[in-house]
Amino acid sequence: MLLQEDINKIHCGDSLEVLKKLPNNCIDLIITSPPYFQQRDYGNIGIGNEKTVEEYVHNLKKIFNECIRVIKNTGSIVFNIGDKYIDGNLLLVPYRFAIEVQKEKKVKLINEITWVKINPSPKQDPKKLVSSKEPFFLFAKSNNYYFNKEEFLDYKDKYLNGNGKKAGNDIGKKYFELIEKSNLSKEEKELARKELSEIIIEVKRGEIESFRMKIRDMHALPYGGQAGGRLTQIEKKGFTLIKIYGNSMRRDIIESTVETIKGIGHPAVYPEFVVQEIMRLLSKENDIVLDPFLGSGTTAAVAKRLKRNYIGIEIFDEYVKYAEDRLQKMNEYNLELFA
Ligand SMILES: C[S@@+](CC[C@H](N)C(=O)[O-])C[C@H]1O[C@@H](n2cnc3c(N)ncnc32)[C@H](O)[C@@H]1O
């Protein structure tokens, strides 16, 4: 059993050693960002300093296997890994890791959530585009993993649906007028009005964000993708309706700025906002969230704000002290969610 004294605590030590002391199936969510391959941010010891990417993946997998052991059957494991160029060649490190992990068949890769950096580091190579994304791999141990899709990026529902406005009474008015002006037959017009009315109801109920209509001989014909299906509809029915799902579809992308924290030279802080949204997706209040590479304490800080319990592991005591201080100060600052 997990000891009470191990909860809401940051353990200073090597993550593999500390993880080994934790019991099986005791953690609800692991979210972490291990040291990146050959980044040399934390001195020349330990994980990330291997000579080859194969060795790096091998060492990371040892920790990952401990993560699998300690996670509950209902839990999930999220690893954020950065990529690396060597001699101008992009190694695809995160994907090498994900593929190796899949081979052992102990977990399933549920999603690759892409963090799109709004303000990527402006390191310029005249012959390369600026790298501005990182994956967060979401693994589960069973099919019974906790997943609260509604919570993920739900602030967008409020802001994006109809640009924050309730769908007005004139929604679809333009298309009703076009149907009348079109050269569709009487029966086709009747069907077009019926389906248009139904899709308007879906928008008003918030089931879809919006829609587009294409009418025969009025609009440009669709091409590519599902063109076959849509073209047939236009030919046979005289029109097609295209649903736009907006956020209701819950896509696997999070846009957020890159963050740095004043007063600490931690080089690889991940954004609270990204962690917040993933934590809301994959855990609930009072759950236990573990980060085996806690760094400046972001995972623990978000867990505290979202009323989850945390366990952090960090090898450098300087970062442990910083993270403890950060958590302590949260009592004084507001604990509100932010979007
Ligand atoms: C990419 S950083 C994590 C940053 C963190 N997500 C944040 O927002 O501050 C990786 C961290 O792992 C720590 N670390 C490196 N090797 C470790 C090990 N063997 N055991 C525990 N922590 C380790 C490093 O000191 C570093 O703080």
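1. A polar contact is a pair of N or O atoms within 3.5 Å. The structure discussed here is a predicted model.

2. Two further pairs of atoms deserve attention at the ligand. The side chain of Thr 298 places an N or O atom 2.6 Å from an oxygen atom of the ligand.

3. The surroundings of the ligand comprise 22 residues. The closest of them are Asp 14, His 266, Ser 296, Thr 298 and Glu 314. By residue class, the shell holds 13 nonpolar, seven polar and two charged residues.

4. As to the protein as a whole, its secondary structure consists of ten helices and twelve strands. The chain has 339 residues, and 45% of them count as buried.

5. Contacts along the sequence are also worth noting. Among those that join residues at least 6 apart in sequence, 72% are between residues at least 24 apart.

6. Finally, the protein has an accessible surface of about 18,600 Å². Carbon and sulfur atoms account for 50% of that surface.

How values were computed. Residues are numbered from 1 along each chain as its sequence is written. This is a predicted model: local features need pLDDT of at least 70, side-chain atom pairs count only at pLDDT 80 or more; totals for chains, interfaces and linings use all residues. Side-chain values use heavy atoms; hydrogens and water are left out. A residue is near a molecule or strand if one of its heavy atoms lies within 4 Å of it. A polar contact is a pair of N or O atoms within 3.5 Å; within protein, one must be able to donate a hydrogen and the other to accept it, and residues adjacent in sequence count only if both atoms are side-chain atoms. Ala, Val, Leu, Ile, Met, Phe, Trp, Tyr, Cys and Pro count as nonpolar, Asp, Glu, Lys and Arg as charged, and the others, Gly among them, as polar. Helices (H or I, at least four residues) and strands (E, at least two) are DSSP runs, numbered from the N terminus. Buried means under 20% relative accessible area, exposed over 50%, partly exposed in between (1.4 Å probe, protein chains only). Contact means heavy atoms within 4.5 Å. Accessible areas come from the Shrake-Rupley method with a 1.4 Å probe; for residues, only the protein chains shown count as cover.
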